[in-house]
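Hi,

Here is the structure I said I would pass on.

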Amino acid sequence: MQSAFASSTETATDHQALEQLNLEYVRAVAASDAPWFDGHLAPDFMNSNPDGSLLDRAGFLAQIARGSTVKNLAIEDVLIRVLGDGALIHARTTYTKADGQPGAGRYTDVWARRGAGWVCVAANVTRL
């Protein structure tokens, strides 16, 4: 999805790469795929959880490995903004809570171009 707010430095390749990384990120959350995250998080990665806690890279990897209490995680309204060597990905989520009730939220992931690729440097997750 191309945004009206996208930087003029954004290329189709950047957008496609970030779009694919976003899909893989969500899949890895749903599958508790800590090895995927280990290969795609920056050493200085930080994550803000819906409960207000802040996790560093090691804490986030441990959290992912334990598995998620939400099921049927889906994303909508994805907005990718490339800002030079940085990028923001915003999206809306829907899911099923552990008690079977529907849930929703939003996330913003911050990506940085490091070397020849992109790594996630920060993530913020909210739940409604």
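**Strand pairing around E1**

Leu-41 sits opposite Cys-120 in strand E6. This is a predicted model, by the way. The two strands involved, E1 (residues 41-48) and E6 (residues 117-127), run parallel and are joined by four bridges.

E1 also pairs with strand E2 (residues 54-56), this time antiparallel, through three bridges. If you want a spot to look at there, Asn-47 has Leu-55 in E2 as its bridge partner. E1 and E2 make a hairpin with five residues between them, and Gly-52 in that turn has a positive phi of about 95°.

**The core**

Which residues have the most contacts inside the largest nonpolar core? They are Leu-18, Tyr-25, Phe-37, Phe-60 and Trp-111, in a core of 24 residues. Several elements supply at least two residues each, among them helix H2 (34-40), helix H3 (57-66), E1 and E6. Helix H1 (12-31) gives the largest share, five residues.

Leaving aside residues up to four places away in sequence, Leu-18 touches Ile-80, Val-82, Ala-87, Ile-89, Trp-111 and Trp-118.

The mean pLDDT of the protein chain is 92, with 92% of its residues at 70 or more. Residues 1-8 are another matter: their pLDDT is below 50, although the stretch has 13 contacts in the model beyond near neighbours in sequence.

Cheers

How values were computed
Residues numbered from 1 in each chain as written. Predicted model: local features only at pLDDT ≥ 70, side-chain atom pairs only at ≥ 80, totals over all residues. Heavy atoms only, no water. Pairing = 2+ DSSP bridges. pLDDT = per-residue confidence, 0-100. Contact = heavy atoms within 4.5 Å. Core = buried A, V, L, I, M, F, W, Y, C linked by side-chain atoms within 4.5 Å. Buried < 20%, exposed > 50% of the residue type's maximum accessible area, 1.4 Å probe, protein only.
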